[in-house]
Amino acid sequence: MKKYSLNMLLIVFAIGLLFAAHFRIIDSYIQIVVMTIGINIMMSTSLNLVNGNMGEFTCGHAAFMCIGAYISSILSVFCFGTKFGAPLLPAASVVIVFPIILLIGGAVAALSSLLVSVPSFKTRDDYLAIISIAVNYMIISAIENMDFVGGSRGFQGMKDTVWAMIDIFDGPWMLFWVINFTVFTVWVIRRFISSTYGKGVNAICQDEVAAEIMSVNTNKIKIINFMVAAGLAGCAGGLYAHIIGYVNPQSFNILKSTEAMVMVYLGGMGSLSGAIISAVIFTGLLEVLRSQAIVDGLLSPITFMFPDWEPSAGVIKWVMIPLLLVIVMQFRPEGIMGNRELGDVFPKLKKFYRFK
Amino acid sequence: MAQTLVQTDSTPVLEVRSLTQRFGGLTAVNDFNVKLLPGEMTGLIGPNGAGKTTVFNLVSGFYQPTEGQILVDGKLTAGFKPHKVTALGVARTFQNIRLWNDMTVLDNIRVAQHHWLGYGLFHSVVRSKRYLQREAEIAKEANELLEVFDLQKFADELPKNLPYGTQRKLEIARALSTHPKLLLLDEPAAGLNSSDVKDLIRLVRWIHENFDVSIWMIEHHMDVVMDLCNQIKVIDFGQTIAEGTPDEIRNHPAVITAYLGDDNI
Amino acid sequence: MPSRFQRFTKENPVDFIIQNVLNALQWGSFYALIALGYTLVYGVLRLINFAHGDIFMVGAYISFFVAGFLLGPIVGLSPVMAFVVTVPLTMALTSLVGVTLERIAYRPLRRKGAHRLYVVITALMCGLILEYSNLALLGASRLKFPELIEKQIWNLGGVTLTNLKVMVIVAAILVFLFLQWVVTRTRVGMAMRAISYDKFAIPLMGIPIDSIIVVTFILGSGFAGLAGLLFAMSYPVLEPFMGMLIGWKAFIAAVVGGIGDIKGAFVGGFLLGFIEVGVVSVFPSTYRDLFAFTILLLILWMKPSGLFGIPQSTKI
């Protein structure tokens, strides 16, 4: 019984959250923060598959989030929205169709990962960085040229799907879906990576030549790994789009990719629990630094000397976060967890969980 | 002297015909031919830069030959990537040990079964019956192999923490876990001290007698080659300059010239 | 405003092509100057200095403040004199920024023998810090660069040419020739090339590796600063993120040319200029980035080591 303690704890926690959200014990701001944590966990753990477990250096993960966001938003509007004409599907089916829409968004994102995974066969790490950055820019640029999805002005209308769900039952639907998909993401990644099949990814990272000679089909595994990572990022994008109700290509540019990278390298390459922990810390930091009061407090010695300067929290945030990562690189480059998992650092915890 | 366990009437484990490899203006391998039968233990020797490792790289599929054909177990391996050649039955070790240093010893053996896992992404995520069954089988076989090689006690250890000689043994064990018909050993004695070399000779001989595998080895340690191999091929500047039994090679004038140089220089 | 196609029918096609070639050369000069910096640092340190595009931006801003100061009441130089003084001053100060970055962020990691990846991440983060520090300190309002050199327009046949355009192109060519000379004929240049082959042997040969690296950054950052000044003069609106897109593109151009090779950076930069101007002359300008990145990627796919690069293979 003890072995399922962590699982039970998580279920209780999730139900508690949903409860609190439904009965307005926690307000919508906190709900959004929680949902952002979930999405960030999805982004950092999925990028970790590629940058951590496989040891590649890609810098364009937001491209997949973008594709997932747009595809699922378009489908959403076709099925339940009014922007492209009458909704195609009855509103009652939304509870079943919405996750399918998200998964389709993820699937398209997974397919698009071929743009980066196929070049990775022949190239060294620096080159793959360039290719991934270029793909990120290309996808954004392509969408900006597509007027039927709003181009650079952005796209909206998918909120109708969320309203359709609320019409069925007035509850915290998006929180519900975020929790489910976050758990799904971690579950898929954990099971993939801990199997002997998934360990082929680590083998490629540690010695690709040996992996190839020891019967690992390195090209195929690279493709599959990229697809899993991109697919999950695509689902995260779909969720993001439906929470905000509006997407814009520039939301998925190199800055968003950098956010994902910061989380991965902060948490420790290859460590699943590290990626989760750093996603939580990172989101927390972003929220803390959003408060102008706190930023003013932190910068008070400087503003004391230059009283005319009024730093804006939104901007200072993006000075402090890269600075944090620079400091991490200087003093603890392996990140919070290194390449170990929580169970390796605290062996006693292993008593309380068993992830099959 | 090595025992002769050769089966002369069966399909050659490896047949190489007119193998030529050119890198730009340099001809690394020139019209190389070899036929290895099941059960043979052959040596490939030659001075540094003679092209020995290039031949191995060609046979294992890392390079595609400029000319010539390679047949493993009677099947052409033209254009095959290394993992496919391994699937056909050729396993290989490297001059500089290439173990996966951040994975346990047991995992090193298990991951080498990758081609024969019998399940893919879906099953590993869903943890189906097929997955559980295969994982149990693979773990069992891996543990048995470790026991056979007396490495069982290191199963959860990381290879980088093991002594060099043990790492070498592990690399060979990992190669054997792919059930090869042909085992390519690239300078297995490199970096070993004299007592480890003696252990290596014993190990390779024991493998040859107990596993159904043909062994082809590149070596610079003459005592290893002369002791173990029943046939030796000598190569210099990418071309075969001599072949025969250890005794024949020992006194072959071309071989001596290749290694020690000409009196007339 | 007449579309390019309308102009096409009014002008004769030769003029159209020559005009675009000149535009491409000017546009490519900026890329070439920035790409040279990437390639120098990569050639010596095997480091993608992701902050380099932002050093270009810093150079542009430095030139703005220097020029403003020189034109102002305290010094009160004439615009032409201000220009003459701004050039070396901008280059020197931008070099200082680059060297400081190296000292504070990259050198400690190098000393520790840290994995290359960590230095690259640090570089990426430093770029962000530069961008957002600028935004935080100077605000989001764009700055207008003062006019230092009076624009002279020459009309040769149907082709218009400005003195500024000529200056930019000439500057790029001169810088290329200078760097080629440095790398092939001077001892410092030889040391730079030697470091790229074998970093560990160099100190053993009595060459102070840190000093060579500092020289590399001085050269790379200085020329990025020059590019920043010239860009600011050509397109006088400055904003904190002006280095981001240009930086990425110049970097890709350097890689396409063959990273580590100065010829490659130069050719890559001009190639990118031609691609972009070519695309915009035919398609709507929103397609520019898409085409540029796609074509560059295709080239990289066909020749992964770049046009002038030497393929690097792992010894098996």
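Helices (H or I, at least four residues) and strands (E, at least two) are DSSP runs, numbered from the N terminus. Counted this way, chain B has 10 helices and 10 strands. What you are looking at is a predicted model, in which local features need pLDDT of at least 70 and side-chain atom pairs count only at pLDDT 80 or more, while totals for chains, interfaces and linings use all residues. Residues are numbered from 1 along each chain as its sequence is written, and chains are lettered from A and ligands numbered from 1 in the order in which they are written.

Let's stay with chain B for a moment. Its C-alpha trace spans about 70 × 40 × 40 Å along the principal axes. The radius of gyration (taken over C-alpha atoms) is 19 Å, which agrees with the value near 18 Å for a compact globule of 265 residues, by the rule of 2.2 Å times the number of residues to the power 0.38. Of the 265 residues in chain B, 44% are buried, meaning that 20 or more other C-beta atoms, placed from the backbone, lie within 10 Å of the residue's own.

Now see where chain B meets chain A. Two residues are in contact if their C-beta atoms, placed from the backbone, lie within 7 Å. Here 30 residues come from chain B and 25 residues from chain A. On the chain B side, α2(B) gives the largest share, four residues. By class, that side has 11 nonpolar, 10 polar and nine charged residues; Ala, Val, Leu, Ile, Met, Phe, Trp, Tyr, Cys and Pro count as nonpolar, Asp, Glu, Lys and Arg as charged, and the others, Gly among them, as polar.

Chain C also touches chain A, through 34 residues from chain C and 33 residues from chain A. The largest share of the chain C side, 13 residues, comes from α5(C). This side has 29 nonpolar, four polar and one charged residues.

Finally, let's go inside. A nonpolar core is a set of buried Ala, Val, Leu, Ile, Met, Phe, Trp, Tyr and Cys residues joined through C-beta atoms within 7 Å. The largest one has 285 residues, and Leu33(C) and Leu36(C) touch the most other members. Helix α2 (residues 13-45) of chain C gives the most to this core, with 16 residues. Which residues does Leu36(C) touch, not counting residues up to four places away in sequence? Among them are Val175(C), Phe223(C) and Phe266(C). Helix α11(C) is mostly covered too, with 15 of its 21 residues buried.

Key: Buried ≥ 20, exposed ≤ 12 C-beta atoms within 10 Å, placed from the backbone.
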